[in-house]
Amino acid sequence: MMKRRWALLLAAALLAGAFTGCNPEKDGEESSPLPSYSALQVGEDYSDLKAELRILTNRTDLVNTDFARYVQEFQKLYPNVSISYEGMADYASGITARLSDSGWGEVCMVPTGILVSDLGDYFHPLCTVAEIQDTYHFASHRAYDGVVYGIPSTGNVKGVVYNKKVFAQAGYSEEQGNMPKTPDDFLTVLQAIKDKTDAIPLYTNFAAGWTITEWDGYIGAGATGDEEWLNVKMPQSKDPFASRGDGTGPYAVYSVLYEAVLRELTEEAPAATDWEGSKSMFNRGEIGAMVLGSWALPQIQQAGPNREDVACMPFPITQSDGTQCATAGADYCYGVNKDASRDQKLAAMLYIKWLSESSGYAAAQGGVPVRKGQAYPESLAAFAKVRILEDKPAPLELTTLQPDVNRESGLLLGSDITHGQRIVEAAFTGEETLDDILADWNASWNTAVEAYSPAA
């Protein structure tokens, strides 16, 4: 009994150490536990801290502008913390290789290719999810087993980027309170744009391919009102693409794409679309809407002189209780090198906290604020009126279920372009109905569910 009691005490101590960010430090350094990220008070704690930080970032365009300004502002609080940024043009493909060398730097944007179960091999445990989930959006995005290894830099919301001037010419605006909230509403607006303006109502960007896979990202919490739908319930459900009869769910999302093409409310030649060119076309008022997340706002706003005309609205689906929802998720998250020194970790956590809560970075990028309760940027004002949801990750025992079912079905939602392009092609040629297509998808999905789901 005594041996068991000591074993339990040891386990509890180790667990507590992980939650408070206690890692063995480099030889000769103080080994006292580091404070939790959630407990740090920027500007009050460790004001005499000395450290040098090197930060690897994907935003090469901001290294000498916004980031340089952020460093200057932070150093007013911590004058002895030196910070340098290194922009990587090939970030997605190059960062994983860089992380194989423990001397890569002190902070980076956590690559999405690292399994969450492996985050602790590279990054310092910052706090527990429970400590920040009430105050931070996307607290669990880069977490494993309740421990946070990455703090979101900003959030992206799934919506419809629209040209306010074009919509107003067609008779619709936020000021009039008549913006579309259902698929039928949206198709009515698109028809009005076609009838009353010279703009292309909805631009699919078909030729780019990846832009069609964007539609897959809308079938989760925003379409269903259920944060567990995409990663927990859908991979255990038969016929997930069947019509629900109420304008919600995956069927409703894909019906917007199919009907818009069928009714000739999209570009005349889908195979000739041009992603880069579409941004300036949109800015000039030649396009009414594109189904893209808020991440696209800065790119389109900067593509011409009409920045104020470009905004984002929730995808037009309303739940049976009258609630309109939108799915939001984290962009890249800040991670701290587990092999950094104690002072470097402290400095890194303080800087990350300042960036997340005080710098205004999220608003400047047209994103959802990381700290709950902070104001949305004007271009996302419509989202302050809807319920923001996240596609929650599956519990540990079901971590691989959604990827397994998605792969086995052959649909590869979110990555393969062919199933989405099939919808556009079918509506354009009239060779298949949407019901024919989604019945085929259901059959493939059902087979995969039977093969992998524990509930099958």
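Strand β12 gives the largest share of the lining of the largest cavity, three residues. This is a predicted model, in which local features need pLDDT of at least 70, side-chain atom pairs count only at pLDDT 80 or more, and totals for chains, interfaces and linings use all residues. Residues are numbered from 1 along each chain as its sequence is written, and side-chain values use heavy atoms, with hydrogens and water left out. Helices (H or I, at least four residues) and strands (E, at least two) are DSSP runs, numbered from the N terminus.

**Cavities**

- The structure holds two cavities of 30 Å³ or more; a cavity here is a set of points, on a 1 Å grid over the protein atoms alone, where a 1.4 Å probe fits but cannot get out, and its lining residues have an atom within 4 Å of a point.
- The largest cavity has about 60 Å³ of space, where a volume is the space filled by probe spheres set on grid points joined across faces, edges and corners.
- Its lining consists of K158, Y218, G222, A223, F315, I317, C325, A326 and T327, and the elements giving two or more residues to it are α8 (221-224) and β12 (325-330).
- By class, the lining of the largest cavity has six nonpolar, two polar and one charged residues (Ala, Val, Leu, Ile, Met, Phe, Trp, Tyr, Cys and Pro count as nonpolar, Asp, Glu, Lys and Arg as charged, and the others, Gly among them, as polar).
- The second largest cavity, with a volume of about 50 Å³, is lined by Y203, T204, N205, T211, W215, M290, V291 and L292.

**Strand β8 and its partners**

- In strand β8 (residues 159-163), five of five residues are buried, that is, under 20% relative accessible area with a 1.4 Å probe and protein chains only; exposed means over 50%, and partly exposed lies in between.
- β8 pairs with β11 (residues 310-314) in the antiparallel sense over five bridges, pairing being counted if DSSP finds at least two bridges between two strands.
- V160 has M313 as its bridge partner in β11.
- β8 also runs antiparallel to β10 (residues 287-290), joined by two bridges, and here Y162 stands opposite A289.

- F138, not a glycine, has a positive phi of about 60°; F138 sits in the loop between α4 (129-132) and β5 (142-144) and is buried, at 1% relative accessible area.
- L412, also not a glycine, has a positive phi of about 50°; L412 lies in the loop between α15 (401-409) and α16 (418-429) and is partly exposed, at 32% relative accessibility.

Technical notes:
1 Å grid on protein atoms, 1.4 Å probe; cavity = no way out; pocket = protein on both sides within 12 Å on 5 of 7 lines; lining within 4 Å.
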